[in-house]
Amino acid sequence: MTRITLFFPVLMALLCSSSAVVAEGFGINATRLIYPQGAGSIAVTLRNTQPALPYLVQAAVSLTPDSRDAAPFTVTPPVFRLEAKSESQVRITGNDASLPKDRESVFYFQAMAIPAATEPTASQQSANVSATAQFGVGNIIKLFYRPTELPADSGSAQKNLRFTRVNSGLRVSNPSPYFVSLASLTFAGQRLKLDTPDALMIAPFGSHIYPTTAKSGAIDWQTINDQGGVDAFKQALP
């Protein structure tokens with residue numbers, strides 16, 4: 001499998017704790033991406049709000065947030081210079097022949113940046129200083145590949161989660177072919193923990209059990225929609 005060479009592999013350890021990391025000065029003008037089946041490509045915009053500092057940027061799509069294994073998507077250009085106070089658009093092109101057509105697939109768009117090289121100052125030159133420290137920043141957001149023939153829509157999937165009380169807690173099932181990302185989940189007034197990737201996002205036709213001692217009551221849940229906004233739903237579990 002193709003490997004992605006990153007500027008600083010240590011960045012991955014910093015970024016994998018969150019699906020999206022906000023870096024001051026450098027960022028992505030989206031919180032998630034949808035790649036429809038049959039699309040020739042989709043575009044995403046990267047921004048640099050620094051007043052004077054340019055960045056050297058590397059962008060790629062990976063299988064997991066902390067993986068350097070390439071996904072079946074190509075980013076063009078993969079490496080470029082992003083000037084201060086500017087935006088640049090990259091295109092993502094997919095090879096979806098091997099991806100499931102009965103459900104969504106999820107990947108991760110990664111954009112890593114380091115300050116572009118600058119000439120040494122006069123004091124550095126006079127002191128014969130040649131080594132400098134460069135600190136990188138980065139963003140990761142989810143990319144959902146969405147087949148065209150899926151029934152219903154992602155909004156219905158978020159609304160129609162199924163809830164069942166089991167011995168170890170509350171089972172939340174997703175009977176749809178869409179991923180459902182949770183922003184919060186409360187059962188009988190108790191806020192349940194969304195502290196793992198499986199708890200934060202329920203896969204198509206999958207389920208997750210959230211530990212709780214509550215037996216019945218109102219279930220309130222919030223989901224993240226295609227635009228990155230939050231939708232709220234409520235249901236009673238007798």
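Predicted model: local features only at pLDDT ≥ 70, side-chain atom pairs only at ≥ 80, totals over all residues.
Trainee: What makes the contact between Arg146 and Asp226 a salt bridge?

Mentor: The closest N and O atoms of Arg146 and Asp226 are 2.8 Å apart, and since the rule asks for a side-chain nitrogen of Lys or Arg within 4 Å of a carboxyl oxygen of Asp or Glu, the contact counts as a salt bridge. Arg146 lies in strand β9 and Asp226 in the loop between β16 (217-224) and β17 (230-237), so this pair ties together parts of the chain that are 80 residues apart in sequence.

Trainee: How do you know which class of accessibility Asp226 belongs to?

Mentor: Asp226 has 24% relative accessibility, and because partly exposed covers the range between the 20% limit for buried and the 50% limit for exposed, Asp226 counts as partly exposed.

Trainee: What makes Glu104 and Arg146 a salt bridge, and which parts of the chain does the pair link?

Mentor: The N to O distance in this pair is 2.7 Å, which can be set against the limit of 4 Å, and the side chains of Glu104 and Arg146 are therefore said to meet in a salt bridge. The pair links distant parts of the chain, with Glu104 in the loop between β7 (86-94) and β8 (105-115) and Arg146 in strand β9 (residues 137-146), 42 residues apart. Glu104 counts as buried, because its relative accessibility is 4% and the limit is under 20%.

Trainee: Which residues are linked in a network of salt bridges?

Mentor: The network links Glu104, Arg146 and Asp226, with Arg146 bridged to Glu104 and also to Asp226.

Trainee: How many salt bridges does the rule give, and what is the state of Arg81 and Glu83, whose side chains meet in one of them?

Mentor: The count comes to four salt bridges, among them the one between Arg81 and Glu83, with 2.6 Å from N to O. Arg81 has a relative accessible area of 46% and is partly exposed, and Glu83, at 39% relative accessibility, also counts as partly exposed.

Trainee: Turning to the rings, how many aromatic pairs are there, and what makes the pair of Phe73 and Phe107 edge-to-face?

Mentor: The count comes to six aromatic pairs. For Phe73 and Phe107, the centres are 5.1 Å apart and the planes stand at 65° to each other; because centres must lie within 6.5 Å and planes over 60 degrees apart count as edge-to-face, the pair is called edge-to-face. Phe73 lies in strand β5 (residues 73-76) and Phe107 in strand β8, so the pair ties together parts that are 34 residues apart in sequence. Both Phe73 and Phe107 are buried, and ring pairs link Tyr35, Phe73 and Phe107 into a cluster.

Trainee: What makes β10 and β11 paired strands?

Mentor: Five bridges join β10 to strand β11 (residues 169-173), and because at least two bridges are needed, the strands pair, running antiparallel. Phe163 stands opposite Val172 in β11, Thr164 stands opposite Arg171 in β11, and β10 and β11 form a hairpin with two residues between them.

Trainee: Why are β10 and β15 said to stand at the edges?

Mentor: The open sheet of three strands has the order β10-β11-β15, with antiparallel pairing. β10 (162-166) and β15 (207-211) each have a single partner strand, so one side of each is left without a neighbour in the sheet.

Trainee: How do you know that the side chain of Gln110 makes a polar contact with Pro65?

Mentor: The side chain of Gln110 reaches the backbone oxygen of Pro65 at 3.4 Å, and because the limit for N or O atoms is within 3.5 Å, the pair meets the distance condition. Gln110 is found in strand β8 and counts as buried at 4% relative accessibility.

Notes
Residues numbered from 1 in each chain as written. Heavy atoms only, no water. Buried < 20%, exposed > 50% of the residue type's maximum accessible area, 1.4 Å probe, protein only. Helix = DSSP H or I, 4+ residues; strand = E, 2+ residues; numbered from the N terminus. Phe/Tyr/Trp six-rings, centres within 6.5 Å; stacked < 30°, edge-to-face > 60°. Polar contact = N/O pair within 3.5 Å; in protein donor to acceptor, adjacent residues only side chain to side chain.
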